Structure formats: C-alpha cells, structure tokens
Amino acid sequence: MSAQVKELLPYGFGAIALLAVVLFFARPYLSTLATEAAKATPGAVRKLYRLLRPVGGRRLAQYRKSVQLQHRGVRLGLSGEGESGKTPGLRDVYVPLQCENGAGRTDATTQLRAADRTVLLGAPGAGKSLLLRYEMLEWAEKGGDKQIPVMIDLHGCNTRGESFEELIAEQFQGARIGSAADMVKDRLDAGELRIFFDGLDEVGRERLEQVVRSLRQFVSDHHACDMVVSCRTAAYDGRLDDIFDQGIRISEFDDASILRFLSQWPELTRAAAARIFRALQDDPELMVLARSPLMLTMIAYLQSGKRPDSVGPLPNSRAKFYDLAVAHLLDRDRLLNRSDAIGKYNAGRKTLVLQRLALSRLRASSARGDRQEIARADFEAVIDELLPGFDLERGPDLEPLLNEIVTRSELIKDIDRGRHFQFTHLTLLEYLAACELRTDEAQLMENYRRDPGPWRETLRMWCAETRGSCTRVVREVFEADELRHKVLALQCLADAVHIDEELAEEIIDHFLGLLGTPGVTGAGVARGLGALAASSGPRGRRVLGALMDIAGGPVSERRAAALRALTASCRQEAAQTLARLSDDGARRALQDMGDVAVPALAAEAQRLRHLWAVRSLGAIGTPAAAASLYRMLWDADDLAARSAAWQLASLLRNPEVRNEVAAQELPTALTRGYTWVSEAFRPRGLARLAGRVAWLMDGGQTAEGTGDGRPSVSTAEDREASAGVTAIHPLIGIPLFSCTDHLSVNPANSPEEWARLRVRCEAAADELGIRLRRVTPGMWDDAAALNTLFKDDRAATEYGASVLTPLTETLLHELEVPLIRKAVLRCLPWPVQAMMVSVRFGKHVDASLLTLQAKWRHVHEEPGPPHFFNRLAGAAGIALLAFWAIFGGARLLATSGWWHPWGQAGWGPHWLAYAALGVAGLGGVLLYLMEWDKIQSTFEDILLVSGLALWLAFLIYTATLAMVAAAELIGWPLAVAPVALLVGTALGCVFMAIRIDEMLDNALRDVLRTAQPPALPHTPHRS
C-alpha cells in the first residue's frame, strides 16, 4: 500500500503539506483575483462577441444591405439620370429638412426622434417620404441594432388584406431573412422596431376607416415601438391625434437650403447653381415654387448637363414645369442627340398613353382607393384602346411601346418584375389626369363632387392647364359650405389661366377677412394669399398692399397670418415693410424671407448694430447673408461684432459661404486676431478671417504672449454674443476650447466634488459597458479614468452622448470652465466633444498657453518617426561612451596605482581615484535604496538628488581624466575636435528627435481627425 501511495505521490506528504500552506497564505490574493476575473468576464465576452459578429448579427446585416440598395438613390420623380447614366445618390443631394415649431423652425430629423409616435404632415412634394427614406439610410449605414426602422407603404393596403405584422415581416423576407415572422414578433414585443407608415393620404376612401382602425390597434398592441405616419396636410383630419404624441409639419425650403441643394446636384457647377439661384431671386413666383423639394428637383434636373439648351428658360407655374419636364423626359433622347438610344415612338403618343392611364387610375381610386399601383393588364388595356388611333397594331407595337414608356421616361416604374407598375410620384399622376381632362370640365367636376379628396390637386392643375376659363369650376368649389373647399378655390386663383374678375375679387375679399383663422385651414389661407401676392399683376399688387396694411396694425392673430403671407410672397416690398416693424413677430417673418430680407437686415445690423438683425442674418445662412456679417467684423470690437463672429463661425462650415467670403476684400488696416488659430485654418485664403473671428468670439480673453488680448469681458456679454448658435467650424472651435488656461483649478482643492464626479464616472462606465481601473483620490487616477471613458468608441455614439453629456456638464462646472468655453464646446459635434474631454481632462496637458498654441499651429503636420536622428544620436552616444570608458577608465586605473595602461601616469594623488570610486558606489547605493512609488515624499527626494549629484561628480571627474589621457597620447587639438563633434551631433539629433516626437505626440491632431471633414453639413440655426 505504501508503495502505491509513493507512486501516486512521488514527492511525499511533505509536498502536499507545503502546497496547503502556500494556498492558505495565498488565499486573500487568489480570492481577490477570482473576484476581479468574475467582474471582467462579462465585459470581455461582450467585447469578443462584438468583434466576432457584424453589427446586429448576420440577419440584420442582410437587412441593412437591402435597405441601402433600396434607398440610396434619388427617387423623387423626374430626378432623371445624369449625363454619366447614373441616378444621383440620396446622400449626394439630401438637404436637412425643417419643420414648423411655434413661431420658428427646427430640424425635422431632431423633432422626429424626439417623440415615440409622430404624425408627419406636409404639402405634396414637401419631402415627407424623402425624410423617412433618409432615416432608413442613416440607420443602415450608421445605426445600432436596438431601433430597427421598417418602412411600410400604406397605399398597398388598398388591394391587400395582410396585417401590419405580416407586412413588416415581408420587408425582412425581401432581404432573404429566414424565420422573419418570428424575429419580427420578438422585436415588436421588445420595442426594438421603428415603423414608418408612409402615405396615409394614398389609402382609398373605402379602406381608410379599416386602415385607421388597424393602425390604432397596432399602436395599442406594440406601444413600446416608435412609429411615424406620414400624410398630406390637406388630407389629414386629426383622427390619430389622441394616440400619437406629436404632429409635425414639414416646412418649405429656405434660401440656404435651396442654394445648398443646387450646389450639391451632381451635374451643376457652383457657377451654374449660383446662376439658377439668382434667377429664382429675381422672380418671386418662381421662388415660391422652388421652396418645394420636388419642384426644386425638377429645376435642378432641367437646368443641369446639356438640358438647358433644349429646355429654355424656367417657367413660373407649377403646371408649366410639369409640361416642360414631361415633354423633355419623353423626348430627351432626340433633344440630347442620343442617336444610339432614340425611342421608336412619338413623344406625343406616349404622353397620351400616360394621361389616359393616369385618369383611369384616379377614377379607380374613387371606387377601389389605390391611385398608385397599376396592373399590367390595365396598362395594356389603355395602350390597346389607343393603338388604332395611332395607326399601330397590337402585335408588333403594344409591348415595345409599354417597355419604352417604362424604361426611357422615368415617369413610371416597374415595381413587380413587369406585373405591376407605379407613377414615380403621385403629383405626376394628378398632373397627367388634369391634362387628359383639359377640355372636359363636366367630367372633372363629376369626379370631384363624388370624392373631393383624391381630386383636389388634379383640380388645381386643371385650372392651370385648361384652354378656357375656369370660372365655373372655381365658383362651384368656392360656394361649397366647407372651408377646405373655399381654400381650394383660393389656391386655384393663383394657378388659374383665366377667371372672371368679379369672382376673383370676391374670393380675395373673403379670405382677407378670414385671415387669422386658427388651425390647418388658416395656415392654408395665409399661404394662398402669399402665393397671390407673389404675382406682379394687379391682383398680386392688391393683395400685397392689403397684407402690408394689416401688418402695420396692432398685434393679433390676423396680423400674424398677414406676416406669414408676406413671408410667402418673397417680394422686396414685403421685406422693406417688415424691416420697419419692431416687434418679434415681424422680425421672425422678415428672417423667414431669406435672401430677399438681407439688404434690410444688413442695414439694421451694420448701421444700428441691432443684435436681432445679426442673428437673423446668421439664421438665413446664405452667402449674401454671410457677406453682410463679414463686413461687421473689422471696424469695431463691440457686442454686435462679436455676435457676427459667432454667426459666421457657424456659416463657415458651408462651402458656398466660404467661397463667397473668400471673394470679399480684406481691410488694409491691422486688426486684432489670434494668429495661432489662423495659421492652422484651411483653406489658407480664409486664415486671417478665422483668426479675427476667433478673437471676437473669445472677446480677446486668451492672450498670445504678446499682450494682445483684453483681460476679460462680462459673462452676460458672452451669453449675448453666442446666443442662437448651435454649431461652429471645428477649426475655430477646437483651438478656442483647447488652447486656453481654464484648467488652472486644482481638483485636489475640491475633494468632495471630485468624489461625487468619480461616482458618476464609474456609473457611466458601467452603463456603457466600459471597464475602468479602480481609481483612488488624485488627479492622475481621475484623469486616467476620464481618458479611458471618453476615448472609447462607445462614447462617440448617440447613446454614449445621452449617458456622458450630464457627466461632461458636471466636469465643466467643477473645473469652473468659463461660460464662453462651455458655449464653444457645446457647438462642436458630440464625437469631437468626447475627444476634447479626453484630451483636456483625461490626460496631462501642459497648461502653458504658448505650448498649447504651438501644438495647434502644427496640427496639420504629420512627420514620420525620427528613426534617423535616434540612430545617429545613439551612434554618437556609443562613441562617446567608448571614449569615456577607454580613456577615462585607463587614467583612473593609473591614478589609483593598480595598473598603468599604455604607460599612463597617474593624474593627481591616489586617494582622489579611490574617493571617486567611493562617490560612485555611494550614489548607486542611495539610488538603490529609493522607493520609486513614493518619489513625492521629502526623504525620497533627498535620496534621489543626492544619488544623482554623486554620480554627476564621478562622471565629470572621469570625463576630465579621459580628455587628459587622450591629449597626452594624440595632442589636445586631435582629442577635443572629435569629442566636440560627437557631442554636437548627439545633442543636435536629440533636439531634432524631441521636436519631431512633440509634433507626433499632438493630442489635438486626434481631435481634429474626429472632426473631419471640417466642412460639416450646414443646417441654418434658428434664433
């Protein structure tokens, strides 16, 4: 038995006992190790899982790809293809939409995401579907997997009976995702889907009630999910208001958005975009049309590439635009000399087919509801009916004619592999139906009486297309009891080719009396009167005069409506009237007029130094407005100039603004500015401007070591100067925040505040799944934690912003960062803010202004590592070390009397050599005895200084011996020259390596990379 035990335990029981003792004493360490490992394991597993899988898993990766393919191209109807044959990308031409927010405007995307359930309203062609498609594309390219958007076209409910859950699952099945129904059920239950129901107005009358009931039931069943329902404003009756959180209305494009859209259109040069914009400004009626994204797309298409030569001048009527666009698209191969692609069939015949098809679909909508989907059999039936009149035959011509209309016109598209088709935009269908009824007033009114909703826009188009007077039609509509019909009569008045003057006067008088009517209809009245006032004819002048008279009266709802109508007119006379009024309502209306208001606002801002005018110029945001702000910067350093600087710092993100400002003449007189900002600004042509803008924004509070700045300005003035600005150019904002001395407060002086901050820091890290090293009181530990937290990729996400923004505000407060610095930081994109916090608070940064400003001056320089200088310095150092060891060591031995290499004699008494060796040994002992983790204590400091001083004395003594020994062997000239050369080489190389390392170790460069590209999208901010 003992033999077996020895075989199993060859080292005996003593080894077992020793192991037990070791484990007993190591128990606390092993317990702590196990606890920390257990804490770290979930985070490590999550991190490994994120590394090994695509975002959202394989199935969601497939869905993302499907969404990108479906939504990345422009599909606004009449977008056309470029000369290169490619359709413009949605990202290439998308301009952020705005929505009405009380008396002003706000970003539509921000407002859309601010509530769980939203009804999205807008006029035809306002961009409702475009906004939802852009949200889909944004998620597909950048979004996470917690809120997955799905877009459902509600017009499909006219002919299909599937539940919304089944329609949603169908979207995932289209991306070839198996078990889509189960995934959709799980995601709906977890509230992880964001559903966009697009086109409630496209649901027919017979199906509308059922669809609304289904929507209400869906909201009740899946209340945790975000939902958006889009609908034309005129077709929405508020039936979802009680279960949806908000309703937002898409605003028309302002001038800055129009110019940006034109500048981004792929086939338009900047010069061509500016030419079109000037043409719009010169024609108020045309500018009213261009404020619709759909109409502006048509303008850009018709005026780009080689098309202007064949299209001619721009019309100022919506119907005429459609006439021009449809005629061009159906005959563009011939007009553009595309000999290899010229269509076989006459453009007039194709137009007649489309008109007849549109009318048949619109008639069917009154019976079955669906105006959009066209079955192939219905399409063929329309062509077959017309073929005999075309003198064509069914067999050889029906199929080719259908294919040519679909493939070459872009007015109609295949949505189901040749089985079903659809007009590219509902407004196109309405226009073509109006053209078909151009001479059939009776049929038009018969259809309108039966079902006014689907025929509303067609009736408006008809008034502009009819060959005769539309008096009888407009009178019947106006005499209806409901106000919405009367508003349609007012809108027809602006479009009508001919209408009886007595009826026109009656309509105008009626609606001038109704100005101020609350609700959606009241807004329609104001816009209708504004469209009339845009006309230069007698009716337009009469309406304009009446509106200006009302605007000059007392504050009331009627006056507010008149102000909105004047804004919509886009006329200079209206701008001049509004500029003479001093209340906030009139000023907002003037601001909303865009470039038309710039001359009046510039006079108020430059001559009278009114801050409201400065902010309005910034809100307009066009190059002309920026040029007016530019001229305010150079003559004074007052509050108005500071406010103009803040506004211009925002507008400089826009490339059109930069081009306009670069063309302005710089003043010859010297003005104060920050050279360290200007030297790093790009483009270089705006460098002096950037330095001046930064100086005014800052109020001269940051000195440059030249006594150039003012000591301080009031907090109230800082707040006034920066009011209304929400984003600024990173190449101005980053240096203004980073190259300052606002970190002079020592955190160690407020331990209680930092203890609370540390708790919030750890809580934020836990919420984001970021592991921090346990911190202890002290600046360096806190800085390390902040650096880790804010530099993590998760901090830069939208969710990271929601978690870390409160922590950032606390940090700014505890460090007593001045108000102007806080304002600068908040105007930078969140990823840049996170990097700035990491750099300025999360690691040690030299607080010297000159050092920080020097770093920013060289922020664009990225030299390679100093390998050459390091190697050369190393070689010189090794040569010097060899010289010191050989010659100094030999003479030290000779002096000690132990040995006389090369017959060397001693230099000085023997005891001196022994003393030198003792000094070196003592210095080594002192350095060995040091506890380096307690280097800040007094005793450890004494040991360090003493040890280094003794070694320095030994080094000087032996170096002297080395020089004496070398001089005696080869003479002083030959001994000094190579040593001096080696020392100079080593010092020079070390100096160069340090300089390059400093340039490489520029934390501000990391911040700048986060902010790229510097020309961020410009969304005009609203004061």
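E720 is partly exposed, with a relative accessible area of 37% (partly exposed covers the range between buried, under 20%, and exposed, over 50%, using a 1.4 Å probe and protein chains only). The structure is a predicted model, in which local features need pLDDT of at least 70, side-chain atom pairs count only at pLDDT 80 or more, and totals for chains, interfaces and linings use all residues. Residues are numbered from 1 along each chain as its sequence is written, and side-chain values use heavy atoms, with hydrogens and water left out.

**Overall build**

- The protein chain holds 50 helices and 10 strands (DSSP runs numbered from the N terminus: H or I of at least four residues for helices, E of at least two for strands).
- Of the 1023 residues in the protein chain, 51% are buried.
- Among contacts with a separation of 6 or more, 71% link residues 24 or more positions apart (contact means heavy atoms within 4.5 Å).
- The accessible surface of the chain is about 46400 Å², and carbon and sulfur atoms contribute 57% of that surface (Shrake-Rupley method, 1.4 Å probe; for residues, only the protein chains shown count as cover).

- β3 runs parallel to strand β6 (residues 226–232), joined by 6 bridges (strands pair if DSSP finds at least two bridges between them).
- V119 has V229 as its bridge partner in β6.
- β3 also runs parallel to strand β7 (residues 246–249), joined by 4 bridges.
- In β7, G247 stands opposite V119.

**Antiparallel sheet**

- An open sheet of 3 strands has the order β8-β10-β9, with antiparallel pairing.
- Its edge strands, β8 (374–375) and β9 (412–414), each pair on one side only.
- β8 and strand β10 (residues 420–423) are antiparallel and share 2 bridges.
- A375 has H420 as its bridge partner in β10.

**T810**

- T810 sits in helix α42 (residues 798–814).
- Its relative accessibility is 16%, so T810 counts as buried.
- A polar atom of the T810 side chain lies 3.0 Å from the backbone oxygen of P806.
- With neighbours within four places in sequence left aside, T810 contacts L757 and R760.

**Salt bridges**

- The count of salt bridges comes to 44 (a side-chain nitrogen of Lys or Arg within 4 Å of a carboxyl oxygen of Asp or Glu).
- K185 and D189 form a salt bridge, with their closest N and O atoms 3.2 Å apart.
- Both residues lie in helix α9 (residues 180–190), 4 residues apart, about one turn of the helix.
- K185 and D189 are both exposed.
- R239 and E209 meet through their side chains in a salt bridge of 2.7 Å, N to O.
- R239 is in the loop between β6 and β7 and E209 is in helix α10 (residues 205–221), so this pair ties together parts 30 residues apart in sequence.
- R239 counts as partly exposed at 23% relative accessibility, and E209 counts as partly exposed at 42%.
- The side chains of E720 and R615 form a salt bridge of 3.3 Å, N to O.
- E720 lies in helix α38 (residues 715–722) and R615 in helix α32 (residues 611–620), so the pair ties together parts 105 residues apart in sequence.
- R615 is buried, with a relative accessible area of 15%.

**Aromatic pairs**

- The structure holds 15 aromatic pairs (rings of Phe, Tyr and Trp, the last by its six-membered ring, with centres within 6.5 Å; planes under 30 degrees apart are stacked, over 60 edge-to-face, the rest tilted).
- F253 and F261 form a tilted pair, 6.2 Å centre to centre with 45° between the planes.
- F253 and F261 are both buried.
- F883 and F887 have ring centres 5.1 Å apart and planes at 40°, so this pair is tilted.
- Both lie in helix α46 (residues 867–896), with F883 and F887 4 residues apart, about one turn of the helix.
- F883 counts as buried at 18% relative accessibility.
- Y63, W139 and F172 make up one aromatic cluster.

Definitions and conventions:
A polar contact is a pair of N or O atoms within 3.5 Å; within protein, one must be able to donate a hydrogen and the other to accept it, and residues adjacent in sequence count only if both atoms are side-chain atoms.
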